[in-house]
Structures are given as C-alpha cells and as structure tokens.
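Colleague: I'd like to learn how to read a helix and a sheet. Could you walk me through an example?

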Amino acid sequence: MLLMPKRDWQWRYNDTYGVLSVSLGSEMEFLTPYKHKALIPDAKSDLEFSVEHAKFYIEFIEKLVKITSLSDAARVQLALNATAAHFLMKPQMPKSWFFDVSSMCVYSELAKVFQLRCQGVDAQVMVVESNIQSSLVMLLVPELSLNGSKSLYQFECIKVMNDRLHPPKVKRQIAAA
C-alpha cells in the first residue's frame, strides 16, 4: 500500500539516530540516511511536509510505478529519501572524479536509473535532481567504495556530471529458431 502525504506529516531531526526523519502521523516515523552535516540549517528543526514536498513525492511515486519490480514499500522508501535529499540537503559540487566517463550521451531526468562506474565496479543510482550538466543521484546498491577510505551507502546522494552516467545494462534474450 502506497502512503500518500497527509497534513500531519512533518520533518524532524532525530537526535537518537542522528539523522533526518519524517513523522508520518502519531505512530510512524521514517528515518532517512541523511546526517546533520549534509542538511541545510532549517532541517535541524521541525518543518512541515509542505505542499511542494507532497507534489514532488507524488510525482516521484508516479515515475516509480513504471518500475514494475518494486514493491509499494520500496517505492515509498525511495520517494521519501528523494524528497528529503531534493529539499533538505545542502547543495553539492559535483564529485565526478570518482567515476569513469561514459561513452554514451544520456538524458538525465527525475527517477531515472543509471550506472556509475567506479574502480571497475558498476553501481545502480537513481536521479533525484537533474539539470543540463549534472545530476544529484541516490545510490541503490548497499555500498560503493569510492576509494580506499571513502564509501557511499544505500540511499546516500552524490552529485556527478551527466557524462559519468552510464545507461543501465539491459538483459537481452536471444531466441534461436
């Protein structure tokens, strides 16, 4: 069952876990992976889940419906994390140097899935924010090592130049007659 935004939804900083959360009513709280240092100052106090946030969340859910392999719970999790990243994370400069340049030109848009290639490893990412030159992407796999000391974890975001986005690998079946 998909969760639809309600008037009582509210962003909060959860001190116990040290991350941004969204209160989904009196009995449910969703924790994002976004820590204090990655958030804008307003995210550290209680904020309403605004009409603009709800519109983005619903648009993201609608784009995710095209991905039939996702459960409703996974769609909600992706959409809430994407909404939090889009509105409440500090702006980032692209960190493209970690990733290989793609040999194909791609069109980046909200909720589109791509691959990032880092040290010979491909990792699936989803676009949270896009412009002509760069995209803020959310990691879909459990972990991606960027170098010997830095890793990205599932649902964390990184901004990259669009020339680093590789089209997803398509599994093709060959039918022999």
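Colleague: Which residues are exposed on the other side of α1?

Modeller: Val51, Glu52, Lys55 and Glu62 are exposed there. Exposed means over 50% relative accessible area, buried under 20%, and partly exposed in between (1.4 Å probe, protein chains only). This is a predicted model, where local features need pLDDT of at least 70, side-chain atom pairs count only at pLDDT 80 or more, and totals for chains, interfaces and linings use all residues. Residues are numbered from 1 along each chain as its sequence is written, and side-chain values use heavy atoms, with hydrogens and water left out.

Colleague: Which residues of α1 are buried?

Modeller: First the general idea: an α-helix has 3.6 residues a turn, so residues three or four places apart point the same way. In α1, the buried residues are His53, Ala54, Phe56, Tyr57, Phe60, Ile61 and Leu64. They cover an arc of only 165 degrees around the axis, which puts them on the same side of α1; the arc is taken from the directions from the helix axis to the C-beta atoms.

Colleague: What covers the buried residues of α1?

Modeller: The cover includes β1, β4, α2 and β6 (121-130), where contact means heavy atoms within 4.5 Å. Helices (H or I, at least four residues) and strands (E, at least two) are DSSP runs, numbered from the N terminus.

Colleague: In what order do the strands of the open sheet lie?

Modeller: Strands pair if DSSP finds at least two bridges between them. Here the order is β3-β2-β1-β4, with antiparallel pairing. The edge strands, β3 (29-35) and β4 (47-48), each pair on one side only.
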